[in-house]
Amino acid sequence: MNPTTVSKIHSPWPWSVTDADISFDVNGIEQQLKDFSRGCYVVNHSEKGFGLAQTAQIVSDDVQAANTTSLPVSAFAPALGTESLGDSNFRRVHGVKYAYYAGAMANGISSEELVIALGTAGILCSFGAAGLIPSRVEAAINRIQTALPNGPYMFNLIHSPSEPALERGSVELFLKHKVRTVEASAFLGLTPQIVYYRAAGLSRDGHGNILVANKVIAKVSRTEVAEKFMMPAPVKMLQKLVDEGAITPEQMELAQLVPMADDVTAEADSGGHTDNRPLVTLLPTILALKDEIQAKYQYDTPIRVGCGGGVGTPDAALATFNMGAAYIVTGSINQACVEAGASEHTRKLLATTEMADVTMAPAADMFEMGVKLQVVKRGTLFPMRANKLYELYTRYDSIESIPTEEREKLEKQVFRSSLDDIWAGTVAHFNERDPKQIERAEGNPKRKMALIFRWYLGLSSRWSNSGEVGREMDYQIWAGPALGAFNQWAKGSYLDNYQDRNAVDLAKHLMYGAAYLNRINSLTSQGVKLPTQLLRWKPTQRMA
């Protein structure tokens with residue numbers, strides 16, 4: 001049969017393409033594949049091989065094409081781009097362009113600059129309020145709200161079991177300044193603080209519909225925690241808030257009709273606080289739980305489930321969407337960006353970090369509980385020294401009971417000062433943040449030892465952010481394996497240079513790259529064998 005003849009037997013699509021409209025050049029084909037606003041029509045030429053066009057003509061089913069210059073369409077991909085990825089309601093509710101957000105990194109690593117840069121581009125970002133004193137958080141609120149009066153932006157609210165005053169102070173600030181979206185992270189269960197934030201924003205409109213002014217995106221890695229955020233607030237907590245005059249009886253009633261969170265982020269193997277859960281097992285489990293709870297409570301607006309932790313390349317982004325994520329979350333890759341609140345030394349190190357260059361170390365905020373977080377191990381001694389501190393904490397009941405030789409090593413190698421001086425600095429530190437911490441340590445040697453050790457754990461991350469000279473080997477740098485995957489993907493491109501990494505550019509590469517790969521997968525599933533150089537999204541030029 002003439003290869004230029006359109007035949008219903010050989011073509012699954014009722015279209016033909018004129019030879020003059022077809023591109024057979026690889027570069028031209030790539031440009032057409034990247035033009036998501038138009039469909040792609042694939043043809044096979046007997047001599048020129050694979051070709052692509054953006055226009056086609058309908059051929060009637062019972063009449064063969066008389067025009068020998070036309071070719072039958074053998075595969076087709078529709079005009080779908082980034083808007084086809086994720087949940088459109090996520091974009092609508094949060095007022096953003098993409099089903100994507102940049103997750104918080106504590107101590108202001110997710111800085112005002114990062115939030116504002118992404119927000120200006122219509123991309124949601126969470127300010128890293130965790131670990132910061134209230135005055136610092138308030139300054140960030142004022143600056144971000146001035147730059148983004150209509151959003152989008154949100155602030156991180158981290159669970160602080162060792163410092164409840166900080167969690168309570170953050171909620172009071174968010175309510176005072178009308179911060180309408182928070183990212184709740186590291187919660188082991190619901191607390192009065194997060195319930196207060198949620199319930200205080202509930203009301204009814206003139207038609208009786210429930211209005212949710214204070215939105216919550218809960219970041220979880222366990223089903224038992226996810227379940228609490230997917231269910232309405234506990235009655236006992238609500239009643240106590242009513243008794244205290246914090247919320248009204250009507251708000252208590254409304255809080256029992258809506259879930260605690262609008263969105264639940266399944267946090268897989270991420271940097272910082274993480275349970276190292278595999279994304280491919282965690283996300284389906286949380287999605288199934290969401291369906292189960294929706295069937296039980298029949299919410300008017302179903303909860304959305306997104307996913308982060310391990311999402312550092314376009315391939316990973318598309319895979320996450322294909323598994324049913326309503327949105328994706330990035331973290332580690334943003335820390336190396338120019339807008340991040342990390343030092344030059346840290347950003348340079350992050351740009352060369354590989355997937356195996358991360359490990360677990362004790363967390364400052366949950367030290368006594370044995371909670372660990374994921375950090376970079378190459379180029380720093382922090383993980384080894386932090387784990388040594390936890391070993392000493394579990395073995396001894398007080399600083400005084402630690403053998404003299406061990407104490408001298410601590411003073412010389414880790415603290416670089418006498419433990420008495422460190423305790424004096426610890427007292428001054430917590431008197432500014434949470435004076436009750438010092439009160440609890442009086443007469444409790446074990447507690448005092450924990451606070452001294454937390455001095456090092458807390459400052460090590462700040463040294464990394466500020467670029468403390470002489471303390472480079474003590475830098476605590478949070479990152480997950482997604483960063484290593486990103487660095488491998490970016491190798492050889494302009495993104496190899498950490499000084500050329502901008503958060504908006506990275507976000508667009510992931511989203512546009514995922515949309516491109518979605519189109520490629522659509523064509524290959526129809527039997528199209530594309531040239532190898534077209535199978536991957538490459539960061540050849542800046543997207544922002």
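**Strands, pocket and rings**

Modeller: S10 and strand S13 (residues 215-220) pair in the parallel sense, over five bridges. Two strands count as paired if DSSP finds at least two bridges between them. Helices (H or I, at least four residues) and strands (E, at least two) are DSSP runs, numbered from the N terminus.

Biologist: Before going on, on what basis are these values given?

Modeller: This is a predicted model, in which local features need pLDDT of at least 70 and side-chain atom pairs count only at pLDDT 80 or more, whereas totals for chains, interfaces and linings use all residues. Residues are numbered from 1 along each chain as its sequence is written, and side-chain values use heavy atoms, with hydrogens and water left out.

Biologist: Which residue in S13 stands opposite Ser185?

Modeller: Ser185 stands opposite Lys219.

Biologist: And how many bridges join strand S9 to S10?

Modeller: S9 (residues 154-158) and S10 run parallel and are joined by four bridges. Asn156 has Glu183 in S10 as its bridge partner.

Biologist: What do S9, helix H5 and S10 make?

Modeller: Together with H5 (residues 164-176), the strands S9 and S10 make a right-handed β-α-β unit. Right-handed means that, with the strands pointing away from the viewer, the path from the first strand over the helix to the second runs clockwise.

Biologist: Why is S10 described as largely enclosed by the rest of the structure?

Modeller: Five of the five residues of S10 (residues 181-185) are buried, so the strand is largely enclosed by the rest of the structure. Buried means under 20% relative accessible area, exposed over 50%, and partly exposed in between (1.4 Å probe, protein chains only). Both faces are covered, with Thr181, Glu183 and Ser185 buried on one side and Val182 and Ala184 buried on the other.

Biologist: What about the backbone? Where is Ala186?

Modeller: Ala186 lies in the loop between S10 and helix H6 (192-199). Its phi is near 65 degrees, a positive value in a residue other than glycine. Ala186 is buried, with a relative accessible area of 18%.

Biologist: Is Asn107 buried or exposed?

Modeller: Asn107 counts as buried, at 12% relative accessibility. Asn107 also has a positive phi, of about 60 degrees, although it is not a glycine. Its place is the loop between strand S7 (100-102) and helix H3 (112-120).

Biologist: Which residues does the cis peptide bond join?

Modeller: The cis peptide bond joins Gly151 and Pro152, with omega about 0 degrees. Pro152 is in the loop between helix H4 (134-147) and S9.

Biologist: Turning to pockets, how much space lies in the second largest pocket?

Modeller: The second largest pocket holds about 500 Å³. On a 1 Å grid over the protein atoms alone, a pocket is an open set of points where a 1.4 Å probe fits, with protein on both sides within 12 Å along at least five of seven lines; lining residues have an atom within 4 Å of a point. Grid points are joined across faces, edges and corners, and the volume is the space filled by probe spheres set on the points.

Biologist: Which residues lie nearest its centre?

Modeller: Of the 22 lining residues, Ile210, Val212, Val258, Asp262 and Thr301 lie nearest the centre of the second largest pocket. Helix H2 (88-94) and strand S12 (210-212) each supply at least two residues of this lining.

Biologist: Now the rings. How many aromatic pairs does the count come to?

Modeller: The count comes to 26 aromatic pairs. Rings of Phe, Tyr and Trp (its six-membered ring) pair if their centres lie within 6.5 Å; planes under 30 degrees apart count as stacked, over 60 as edge-to-face and the rest as tilted. The rings of Phe90 and Tyr327 have their centres 4.4 Å apart and their planes at 20 degrees, so this pair is stacked.

Biologist: Where in the chain are Phe90 and Tyr327?

Modeller: The pair links distant parts of the chain, 237 residues apart: Phe90 is in helix H2, and Tyr327 is in the loop between helix H11 (314-322) and strand S17 (328-330). Both Phe90 and Tyr327 are buried. Tyr153 and Phe155 form an edge-to-face pair, with 6.2 Å from centre to centre and 90 degrees between the planes. Tyr153 and Phe155 are both buried.
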